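Dear colleague,

I am passing on the structure below for your own work.

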Amino acid sequence: MKPACLISLVLLTAPLNAQAPKALSATDKRARDIFEQLININTTGSSGSTTVAAQAMAKRLTDAGFPAADVQVIGLAGSKNFNLVARYRGTGTAKPILLLAHLDVVEARRDDWSMDPFTFVEKDGYFYGRGTQDIKDGAAILVATLVRLKQEGSKPNRDLILALTTGEEGGSDYNGVEWLLQNHRDLVDAAFVINMDAGDPVVMNGKRIMRSVQASEKVFVTFKLEVHNPGGHSSLPVKDNAIYRLAAALGRLSAYQFPAQLNEITRTSFERLAGLQQGQLATDMKAVAAQPPDTGAIRRLSDASPLYNAELRTTCVATELAGGHAENALPQTASATVNCRMMPGTPQDEVRQTLVSVANDTAVAVSVVTAATPSPPSPLTPEVMGAIERVTQRMWNIPVVPVMETGATDGLYFRNAGIPVYGVSGVGIDINDIRAHGRDERVGVQDYYTGAEYTYQLVKELTSARR
C-alpha cells in the first residue's frame, strides 16, 4: 500500500528530465528487464503468487554471484505466497541495513483497464502495469542495485539485507514482515530499514518539488459504536430508537476535533514545508512549527486541507453503518464502524474514552474491533538524514522534508520491534497522477531510471566509511 502523503506546494524547483526514449545503458537495461519480469508475474492474493516472483528474483541474485545460502525464499508452510530474504555480505564494520519492498499487489480486473494489467507496457514515456507505482518499481530497483553492487565488486561497510515480502496488501496469507520478525528475526534484524513503499519524491507539473522521507506513520485502530433496544412494531414508534440514538452520537462525533499534537517529524515537516509556500500558508506553517505552536495557525491549517488536519491530530471517522432487521419493525440494534488514525504514542484506550465522552450516551457501547499496533516515530539521525541530504542535493538540489504518513505500511512492524524505518523511494510521483491501486497504473520511464540511480547512490552513501 502506498497511500498518498503528498502536499499541495508552490513550484520553486528544477524541471524533470524529459520523458523521452533514449539509448539504454547496461545498468538501465537490467533495471528495466527486472521491472518487466516482476510486472508480468501476477502477485494478487486471489489468483497470483508472490512465491513465483520471489523465486524469479532469487535466481537473478544467484545468477549474479550471490551464494545460494544467502538467498532464501521462505514463508509459512502451505502458503502460495512466500518472501525473498537475501544478504549482501559487507565488511561488518557496522550493523546491517534492511532494504524493504513488498511483492504483492492489489487486485486488477482486465475490464477496468485499457490494457492487460499484468503485461508490462512501455507507452508514451510511461511504464504501465499493476504494481508499477505500488511497489514493484521499488522491488525491481532494489534487486538491480544489489546486482550492480555485486558486479562492481563493492565492499560495503555493513551487510545489506534485501526483504521482498508478501501480505502487505492484505489477503488470507499473513506471513510477510510480521511473520518474518516473529519467526526469523535473525534474518531481518538491522540497524534501520529503508522502505521503498513510502517517501516518494514529489512531482508537480513536471517538476520535482521535494524529497519526502517517511519517518513516522499514524496508528490504525477501529472501534464499533453499538446501540441495543427492545424494538417493537413500526406502527408504534417510540423516542428511544436505536438508529436515532446512534445517529445522534455520530453527529456529535462528526463535530468533534481531537486536540492538535505535534512531534519531531511533523514539526520538522511543517518547518521545511513553509519554505516551499507563500503568503499566509507559509506564515501559518512556520507558526505551527514553533514551540508552542500558534493556535490560530493550527485552526487555519486544519480548515485548509484534510491532509494538514490529519498531520496535526488523531482523526476518527465513521466508515460503515448497519441497523434494524425489518422494514416494519423498530430497530433492536444499530452499529457503526469508526476508523481512527492515532498520532504515534497515543494510547488506544485514551481514544476509546474520548469516543465514549463524545457519544455522551450510556446506551452507546464503544468496543475495539481492530486493536492498534504501535508505530513510534523514527529518529531523524544524522547517519540516515545526512546521507539522504547529500544524495538529494547532488542529484536534484531540492529540499528534504520528513513526513508522517497518514496511512500505514509494513514499516509499523519494524518500528514496533524497535527498528527505525525510513520511507525513501527514488521514483518521483506526480501528485496529480497518483494511480496506485487504480486504473492503468503507471510510472514515468525516466522517473524509474533516475529513481534506480538515486537508490544505488543512497545505498552507496549509507555503506561508505563516512561518519
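In strand 14, Lys224 has Thr337 as its bridge partner. This is a predicted model, in which local features need pLDDT of at least 70 and side-chain atom pairs count only at pLDDT 80 or more, while totals for chains, interfaces and linings use all residues. Residues are numbered from 1 along each chain as its sequence is written, and side-chain values use heavy atoms, with hydrogens and water left out.

Strand 10 (residues 219–228) and strand 14 (residues 333–342) run antiparallel and are joined by ten bridges; two strands pair if DSSP finds at least two bridges between them, and helices (H or I, at least four residues) and strands (E, at least two) are DSSP runs numbered from the N terminus. Both belong to an open, antiparallel sheet of four strands in the order 12-14-10-15, where strand 12 (315–323) and strand 15 (365–370) are the edge strands, each pairing on one side only.

The other open sheet has three strands in the order 4-5-19, again with antiparallel pairing. Strand 4 (121–123) and strand 19 (442–444) each have a single partner strand, so one side of each is left without a neighbour in the sheet. Strand 5 (residues 126–128) is joined to strand 19 by three bridges, and Tyr128 stands opposite Arg442 in strand 19.

Gln446 is found in helix 14 and counts as buried (under 20% relative accessible area, with exposed over 50% and partly exposed in between, 1.4 Å probe, protein chains only), because its relative accessibility is 9%. The C-alpha atoms of Gln446 and Tyr126 are separated by 8.2 Å, although these residues are 320 residues apart along the chain.

Best regards
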